[in-house]
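Please read the following points beside the sequence and the model.

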Amino acid sequence: MRWSGQELGVETTSALPGLAKLNNLVRSVQTPEFAGITFHEVLAKSALNRVPGQSVMPFGWTINPYRGCSHACVYCFARPTHSYLDLDAGKDFDSQLIVKVNVAEVLEKELAKASWGRHPVALGTNTDPYQRAEGKYRLMPGIIKALADSGTPFSILTKGTLLRRDLPLLAEVAQRLPVDLAMSIAIYDDELQQSIEPGTPTAAARLATVRAAADLGFDVGVFMMPILPYLTDTVDHLDLALSRIREAGASTVLFSTLYLKAGVKPWFMQWLSREHPELVERYTSMYADGAYAPKEYRKWLAARIRPMIRDHGLERGTEDPATGGVRSSALGMLRDGYGERAELRKRAPEFVTTGLQVQPTLF
């Protein structure tokens, strides 16, 4: 993106302290189109991030063109990553956004290396690649093209309806290699959704995007994450959600309950105290011992929703255990998890090679 009246390459003198020390900061930008948001444009040192896995598949790969997110989801687990830049996990995460303006060019070089094993790559596992700023910066078409040209399968998880802009390109790429799409839609009560996810498109707009992708032949998954105890775990809400998901043409559903890690919990509890004070005591008790809801609650929720998923003619989706995103259909020949490493090597050897040793970096 090139902002009107400004030139890329002019280093800012007003950057926040945690950003000013970076030697790859190009400039900081504000614009009336995005009131209250500052974009800090940086030159990425790497594009691919290697994520250690918890299964027999040793690791996953991700790309994060943005850091921070204007979707402003109160519960977002990625909020604490802003603390690495001396920014807070609350308001700064929503309004001080890092943009890797050269990410596509860096990615193209990394994928061209002989050592790259064409492992599946996940987008949208940290912050959303189709948040509003993507409409201006247009980083995703370059990323998609680089992945496609290298023969690298990939998946996208998003809450952003800007995905529709790139659906024709994605459909063309899907003729040549595995491309997996999922839309995150957790809340189907419009008032609650706008309160807790104030920067996101409505559930209806996201479902329309699911339909658009399904009409192009994609098997679209929907992530019902997180399900909020006492707010979105009722039979009525779940039944409404699954009905609308099915009507939109999705094929699979993944679900999980609210996860409140240390850097997220205070921000969420502040919202809860303001919007639903009657639930503060219950949540305080539920999350007193850690980031996860109690095992008993999780078992209760699974017992409630799994039959409903089947009754609505949907399949339960599979999360990638390494990245937390959409499990690539490039590995779909193995039905239950990733299977034995030897079997994976036999059936899909290109996805088990050592790969490019790009370690996760701040940018």
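1. Two strands pair if DSSP finds at least two bridges between them, and the helices (H or I, at least four residues) and strands (E, at least two) named below are DSSP runs numbered from the N terminus. This is a predicted model, in which local features need pLDDT of at least 70 and side-chain atom pairs count only at pLDDT 80 or more, while totals for chains, interfaces and linings use all residues. Residues are numbered from 1 along each chain as its sequence is written, and side-chain values use heavy atoms, with hydrogens and water left out.

2. The sheet is open and has eight strands in the order S3-S4-S7-S8-S9-S10-S11-S12, with mixed pairing. Its edges are strand S3 (48–52) and strand S12 (315–316), each of which pairs on one side only.

3. S10 and S11 pair in the parallel sense over five bridges, with Phe255 in S11 as the bridge partner of Met224. Between S10 and S11 the chain passes through helix H9 (residues 235–247), and this β-α-β crossover is right-handed, a term that applies if, with the strands pointing away from the viewer, the path from the first strand over the helix to the second runs clockwise. S10 is mostly covered, as seven of its seven residues are buried, where buried means under 20% relative accessible area, exposed over 50% and partly exposed in between (1.4 Å probe, protein chains only).

4. How confident is the predictor in the chain, on average? The pLDDT, which is the predictor's confidence in each residue from 0 to 100, averages 86 over the chain, and 83% of the residues score at least 70. Over residues 1–14, however, the pLDDT is below 50, although this stretch has 27 contacts in the model beyond near neighbours in sequence; contact means heavy atoms within 4.5 Å. Residues 333–363 also stay under 50 in pLDDT, and for them the model has 81 contacts beyond four places in sequence.

5. Apart from neighbours within four places in sequence, Leu170 is in contact with Ile144, Phe154, Ile156, Leu163, Val179, Leu181 and Phe218. Ile144 lies 26 residues from Leu170 in sequence, while their C-alpha atoms are 7.6 Å apart in space.

6. The whole structure holds 10 aromatic pairs, where rings of Phe, Tyr and Trp (its six-membered ring) pair if their centres lie within 6.5 Å, and planes under 30 degrees apart count as stacked, over 60 as edge-to-face and the rest as tilted. Phe268 and Tyr283 form a tilted pair, because their ring centres are 5.6 Å apart and their planes stand at 40°. This pair links distant parts of the chain, with Phe268 in helix H10 (residues 265–275) and Tyr283 in helix H11 (residues 280–286), 15 residues apart. Phe268 is buried, with a relative accessible area of 0%, and Tyr283 is buried with a relative accessible area of 0%. One aromatic cluster is formed by Tyr230, Phe268, Trp271, Tyr283 and Tyr287.
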